[in-house]
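Student: Hi, could you walk me through this one? I'd like to start with a charged pair and then move on to the sheets.

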There are 2 protein chains.
Amino acid sequence: MRRLAFGLMAALLATTAHAEPTATGDLGLVIERATGSVLLVDQSDRAALARIEGLGDLSHASLVYSPDQQFAYIFGRDGGLTKVDIVTRKIVNRVVQAGNAIGGAISDDGKLVAVSNYEPGGVRVFDADTLEMVADIPTGSKTIGLVDAPGRRFVFTMWDSGETWIADFAGADPQITKITDMGANPYDALITANGRTYITGLFGEDGLTALDLWSENPEPIRVLPGYGRGQQEMPVYKMPHLEGWAHTGDEFVLPAVGHHEVLWVDASTLTETGRTKTYGQPVFAMARPDGRQVWVNFAHPLNDTIQVIDTLTKQVVHEFKPGPAVLHMEFTPRGHEVWLSVRDAGKVMVYDTQTFEKLREIEAESPSGIFFTARAHRTGL
Amino acid sequence: MRRLAFGLMAALLATTAHAEPTATGDLGLVIERATGSVLLVDQSDRAALARIEGLGDLSHASLVYSPDQQFAYIFGRDGGLTKVDIVTRKIVNRVVQAGNAIGGAISDDGKLVAVSNYEPGGVRVFDADTLEMVADIPTGSKTIGLVDAPGRRFVFTMWDSGETWIADFAGADPQITKITDMGANPYDALITANGRTYITGLFGEDGLTALDLWSENPEPIRVLPGYGRGQQEMPVYKMPHLEGWAHTGDEFVLPAVGHHEVLWVDASTLTETGRTKTYGQPVFAMARPDGRQVWVNFAHPLNDTIQVIDTLTKQVVHEFKPGPAVLHMEFTPRGHEVWLSVRDAGKVMVYDTQTFEKLREIEAESPSGIFFTARAHRTGL
């Protein structure tokens, strides 16, 4: 009995320790692409808390969070959908739902997780609790640009057919609305933070195509006809991420394709308002949450550098070299700090966004995407 | 020993239960104004989890959250500043820092909590960890409209002198910038979600005064000269809350003073773009997070009713009577549901914002303000 008592005492202590951390508002996960693991991090402590392994191929991986910020749904390139509990720091479920996947989304009520597939194409939708498949939506195409929209909807686009579909899960059966003629080979898409405007980037032609999701019958709207590789056919080292569009208030800032510049676009009319020359081909142009600064990283071989642009003057106000292969940036939710993944240095670096001082380096295995839990409360991330 | 073992087993179970909930992203607190208590609620379960008592006078109380969403700082009318741990569901610290207080704010890094005082006036700033006072800023006036701004700053305004002060805590000592001539008897203020524009409402004259905090030397900008009680001197049952300004994208919606209408204002130019007639004198006009709807509640004696306005058509699309004394509304972070405090029914009511269906009633003691933890990640709330 004494041994039992001590055993229980030990279990009691273990349980108490196990329950830490007990608040999840300032946590995050960093994708470790080479090792199929994610690193749990704490923004306030600027520290790594734990590594969770066994997530498969995490090259080009992304994730979304449950509304309570307890669970992350991680979308691997290999079609794996892994549910991680960041409180217990364990994988709680994993399904390999396709052969080759490219991102996902979670419905506004947190009940449905959707995954966009290259192979076999289409979108599959899962119960967020159990990961049981609740809908299989074949599209006859590689599917890209999957986002959530208000009203339990998902929006996604077909690389092969140039269609965008809106899948509405408000009722018992999903209702699909199909919009044709979005353009040649859409390669990525974004939705604005309010969930109103969906914009696809095109690989097969210049320009972008927008949809007003508040319209009863959304029609393709061609915008920025000069946006693309253009006549010069410059080598494009990496197509820029559209999710990286920075919304500074009245304007968007977007990475040019194949050129060393970012474009400024009026947020209401989607017409160009200016350009800023940059150090290299931009990959992400991300606004600090208050919109006063835009941080830009660049494609290989110039991917060791960050430039910071002031949105009032549209001038570069700071430039520095964090290290080799800066792949991603994530701001703290109110913007006072920014975390950078420096893949080939094996580090995540934390900077003060007012002073540009480096505050901390955190060891990580080939870090790429950084995802803070505040994303749980935003649309379209 | 057997008894000890069972005792430990019971303790083990209690500890496990005690650690719930272990994720704080979908929690919230409801102010129970008559009993000096707060009700901890869970958005996903649409349920009350616990009542925390002993917070003093909570008439006109508000609160802010720490970045990790573990702690709430509750500002009571009696000058009490109470720190509540929503994981352990206990008061962890409480100071009575003034005789009569009116709201507070938390710095963007989560390190400083500031309180705005009527009596003795001024602003006091506390260490968020210990609640030790780190700065006392006498202003010689009742102080209102205290908000946080990016860069570890607080902005607040003097009822008596019509000055707005910006207190910058980025360095070792706070730097104070004083802006005079904001107008006669400012009674409340707001800061836009990006932290750029600070706007004061005036009791002593019509119109509003704005400051561009991105300017190196912010100057008072008079806007909406017709905004106020105007010539008719209609009885004003309650001055509307400015925090309730709804930002729908290109426009703000604000409650008229003493009139049965809301005003639409261009967000860039701050000029009026339209008016919508309403059921009563609006108190809060709050945008669903996607900006597509604005929900309006009204002053006594018409405070049993809610109207929902569509922001595309500016028309009332839904009206209903939740019950007597609807005091406050809080949307889930992605807007699929809204919680209403119906004080004299002793209930918080949860509605679907797409179907307007009532989903749940939760018992509460004279509920007023509802504060979800997602506020931790927003500026100026």
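Tutor: Happy to! The side chains of A:R46 and A:E337 form a salt bridge, 2.6 Å from N to O. The term needs a side-chain nitrogen of Lys or Arg within 4 Å of a carboxyl oxygen of Asp or Glu. This pair links distant parts of the chain, 291 residues apart: A:R46 is in the loop between β2 (37-42) and β3 (47-52) of chain A, and A:E337 is in strand β29 (residues 337-342) of chain A. Strands here are DSSP runs of E, at least two residues, numbered from the N terminus.

Student: Is A:E337 buried or exposed?

Tutor: A:E337 counts as buried, at 5% relative accessibility. A:R46 is partly exposed, with 22%. The cut-offs are under 20% relative accessible area for buried, over 50% for exposed and partly exposed in between, with a 1.4 Å probe and protein chains only.

Student: Before we go on, where do these values come from?

Tutor: This is a predicted model, in which local features need pLDDT of at least 70 and side-chain atom pairs count only at pLDDT 80 or more, while totals for chains, interfaces and linings use all residues. Residues are numbered from 1 along each chain as its sequence is written, chains are lettered from A and ligands numbered from 1 in the order in which they are written, and side-chain values use heavy atoms, with hydrogens and water left out.

Student: What does chain A average in pLDDT?

Tutor: The average is 90, and 92% of the residues score at least 70; pLDDT is the predictor's confidence in each residue, from 0 to 100. Over residues 1-19 of chain A, though, the pLDDT is below 50, and that stretch has 26 contacts in the model beyond near neighbours in sequence. A contact means heavy atoms within 4.5 Å. For the model scores, ipTM is 0.92 and pTM is 0.93.

Student: Back to charges: how many salt bridges are there over all chains?

Tutor: A search of the whole structure finds 42. One of them joins A:D78 and A:R94, at 3.6 Å from N to O. A:D78 lies in the loop between β5 and β6 (80-85) of chain A and A:R94 in strand β7, so the pair ties together parts 16 residues apart in sequence. A:D78 is partly exposed at 22%, and A:R94 is partly exposed at 28%.

Student: Now the sheets. Which strands go with β7?

Tutor: β7 belongs to an open, antiparallel sheet of chain A in the order β4-β5-β6-β7. Pairing requires DSSP to find at least two bridges between two strands. β4 (62-65) and β7 (90-96) each have a single partner strand, so one side of each lacks a neighbour in the sheet. Neighbouring strands are turned by 20° against each other on average, direction ignored. That uses axes that are lines fitted to C-alpha atoms.

Student: Which residue stands opposite A:S62?

Tutor: That's A:F75 in β5(A). β4(A) and β5 (residues 71-75) pair over four bridges.

Student: And the other sheet?

Tutor: Another open sheet of four strands in chain A runs β20-β21-β22-β23, with antiparallel pairing. Its edges are β20 (246-247) and β23 (272-277), each pairing on one side only. Five bridges join β21 (residues 251-255) to β22 (residues 261-266), and A:F252 stands opposite A:V265 in β22(A).

Terms used: Axes are lines fitted to C-alpha atoms, for helices over the stretch in contact, and angles run from 0 to 180 degrees between N-to-C directions.
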